[in-house]
Structure formats: structure tokens, C-alpha cells
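Here is a brief report on one protein model.

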Amino acid sequence: MNSFKDVFERYQWDEIKARLTKVTHSDVLNSLQRKHKTLDDFLNLLSPVAAQELELMAKMTRQLTQKRFGKTIQLYAPMYLSNECQNICTYCGFSLDNDVRRKTLSDTELMIEASVLKSMGVNHVLLVSGEANKTVGISYFLNAVSLLKPHFANISIEVQPLLEEEYLQLHQEGVYSVLVYQETYHQEVYKEYHPKGKKSNFHFRLDTPDRIGRAGIHKIGLGVLLGLEDWRVDSFFNALHIDYLQKQYWKSRFSVSFPRLRPAEGIIEPNFIMEDKDLLQLICAYRIWNEDLEISISTRENEKFRNHIISLGATAMSAASKTNPGGYAVDVESLEQFETSDERSMEEVKNSIRKAGYDPVMKDWDPAYSGF
């Protein structure tokens, strides 16, 4: 059975890093002018020298995004189900070695949180949890989806990697999309960031999007944790992964997110600082390379950046996010996974989108269209 591992092993981290330093200004211009973009073009647009053409890249990004997605921004909100976790991850507030109070939402608490989100007009909810299979495993997720799907048009999940048959169960229950981040594709240092727990298995996590694709999930979301390792190299490997998946699971849609390390309980400082201009360059590189890719911006980013990016490539944004279980109403003081930067209400974010000349969309998909 084919998997991304077969593709991944043809590339070396240091080789890609060296290639990025050798890109010339002429290479960048040629990539911008080429009609059909390749991964080599993506690498050129990621390079340090490509920053010289950021204004042109931003202009192209705006045009390409409007052509493919119109002037709309999909809005969603996360619902954190649990901060229990059996992994030690050096960058996460939920890490097992953090001595904090743990909480998992009960059925009643799920519905209380859901009612608050519905009162905000939320129709797309992203279910998030720590990785604790015995407490929040497939049975818990299936139950949560069953309870919530009468109230939301669109349910996505971002939880621990699951087995293919478990993703199939979630698909049959009505889950729209699954997000899974490799965190870093730098295999040699991955174990240093994940010293204990199932997440320390690099290849099991690497193969997760294949299992999601084989299960027929409507949309697959990928990304890396920006700040762990060199963002340019990590992003090349993330694009390599997306390129493979699009060819292998062509019936699915794909999205990319850009989580930058944010303050949280007991986490490390970023190893690599990514400035706002770097993130803008990365977003532009993705859009110019892949016109169909959905681009999601979370509340990790500040209000000013999020307002600016509305017309520069974004297709989806979270809003009014709480990153702790029960954070909307049930237990507002429980442990956060990370601090949010944009703390505006859903209505304030909608207004900023309208002010930019775009339409905020609360629902753009219905399970009736896919036979559920």
C-alpha cells in the first residue's frame, strides 16, 4: 500500500535547506511567470530572496484567491472537549508533565458550550482535544458528534491520530473535515519535542492523512507548528505532503493552517522566530503554487494581521476562540492550550470582514450534499 512515507524518504532536510539558499532572483521571477506551478516553484517562492518580490506576490495572491473563492471568508469556532493528554510535548500547555487541573466535557457540558456558540451564530464548529485515548477516544468523539450534529451544519475535528476504521466511523457519523499537524517534518529532532507518549511515533503521525484520505473524509487539513524548526524547510515538506495527498485522494479538499508558537503553560520559547512579513510570504507562496488550497487563519494571530490578511489569501478564519475545555461558559478558568491574540467577538470579526469588502460566511456546506 502506498503512503506518503515513500515520497518523504526521497528528500533530505539539509538538502532542501541548502536549495533554499541557492535560489536566485531570476528563479523567483521565472516561478511567478510560469503558468503551471510545481513544488520547485513553491520552494523558490519560499526562499529568502523571494521576499524582494513580496508586493508582487501579494497582488497575485489577492487576484488568485478572488478568482477561485470570491470575496468570502468562512467563519468557524473551536470547541475544546478535553485538556487531558498522555503525551509530553515541550511546546503545549496540555502536556502530561504540566501539573494542572484536567477537564473533559460531559454530555451536558457539551450542549451548554454548543448553545453559547449557536447564540453567536456559529454554524461550523471544530472539536479539539488533548491526546488521551482512554478518556477521549473514538467512542467519546462519536458520541460528541452525534450530540452536536443536529445543531451545526459543519463539524470538523482536530484530535489524536486515529485508525482508518475510526476515521471511517467519524465520516459515517457526519464529520466534515479532519485536521492533523505533523508539528515538524524534521525527523531527527522530532523526538526531542515529543519525548513521551504515542505522539512520539513520527511515522504513525506521518501516515495519518493517508488513513484519513482512505476513509473518504471530505476535507483534510495540514500544517506545521511554526517556530519549532526552520519554517521554510518545514513548509516545503508540508507542501510536498499536500501535493501527494491531492494526487492520491483527489475527491477530498485540502486546507493549510499556520499555527505560530504562542504563550502557554510550561512551553518552550520558539527556536525560530517568524515575523509577520515571513508569514505573509508563506501564505502568498501557498496560494500562488496552489489555487485550490483553502487557507485558514486562527486567533493565534493578532487583530491587525488578521484584518490585513482578509484580502490576501485567507479563505477561513476562526473567531471568538476559547482554547480551554468549557471556555465559553462551563469552566472559563480551565487550562488553555495556548493564549489567543485576537480576542474580538464573532460580531466584531464579521464587521471587520465586511469593512474589507468581503462577506462573512457561517455555512457553506451541508451534509445532505454528500449522502449522509
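Which residues are buried in α2? In this predicted model, they are Trp13, Ile16 and Leu20.

An α-helix has 3.6 residues a turn, so residues three or four places apart point the same way. Facing away from the buried side of α2 are the exposed residues Asp14, Thr21 and Lys22. The cover over the buried residues includes α4 and α12 (231-248).

## The α2–α4 crossing

Two packed helices are described by the angle between their axes and the distance between the axes. For α2 (residues 13-22) and α4 (residues 39-46), the axes come within 8 Å and cross at roughly 65°. The crossing is right-handed. On the α2 side, Ile16, Arg19 and Leu20 make the contact; on the α4 side, Asp40, Leu43 and Leu46 do. By class, the contact residues are four nonpolar, no polar and two charged.

## Nonpolar cores

In soluble globular proteins, nonpolar side chains tend to be buried together. Here the largest nonpolar core holds 103 residues. Leu127, Leu170, Phe258, Leu282 and Tyr286 have the most contacts inside it.

Take Phe258. Not counting residues up to four places away in sequence, Phe258 touches Leu226, Leu279, Leu282, Ile283, Tyr286, Ile295, Ser296, Ile297 and Glu301. Another core lies apart from the largest one and has 17 residues, among them Tyr91, Val128, Val189 and Tyr193.

## Pro78 in strand β1

Pro78 belongs to strand β1 (residues 72-82). Is Pro78 buried or exposed? Its relative accessibility is 6%, so Pro78 counts as buried; the cut-off for buried is under 20%.

Leaving aside neighbours within four places in sequence, Pro78 is in contact with Leu117, Leu126, Val128, Ser318, Ser321, Lys322 and Tyr328. Pro270 is 192 residues from Pro78 along the chain, and their C-alpha atoms are separated by 24 Å.

## Helix α15

Helix α15 (residues 346-355) has Met346, Val349, Lys350, Ser352 and Ile353 buried. These residues cover an arc of only 160° around the axis, so they lie on the same side of α15. What do the buried residues of α15 pack against? Their partners are β1, α14 (303-309) and β9 (359-361). After α15 comes Gly357, with a positive phi near 85°.

Technical notes:
Residues are numbered from 1 along each chain as its sequence is written. This is a predicted model: local features need pLDDT of at least 70, side-chain atom pairs count only at pLDDT 80 or more; totals for chains, interfaces and linings use all residues. Side-chain values use heavy atoms; hydrogens and water are left out. Axes are lines fitted to C-alpha atoms, for helices over the stretch in contact, and angles run from 0 to 180 degrees between N-to-C directions. Helices (H or I, at least four residues) and strands (E, at least two) are DSSP runs, numbered from the N terminus. A crossing is left-handed if the near helix is turned anticlockwise from the far one by less than a right angle, and right-handed if clockwise. Contact means heavy atoms within 4.5 Å. Ala, Val, Leu, Ile, Met, Phe, Trp, Tyr, Cys and Pro count as nonpolar, Asp, Glu, Lys and Arg as charged, and the others, Gly among them, as polar. A nonpolar core is a set of buried Ala, Val, Leu, Ile, Met, Phe, Trp, Tyr and Cys residues joined through side-chain atoms within 4.5 Å. Buried means under 20% relative accessible area, exposed over 50%, partly exposed in between (1.4 Å probe, protein chains only). The arc is that of the directions from the helix axis to the C-beta atoms.
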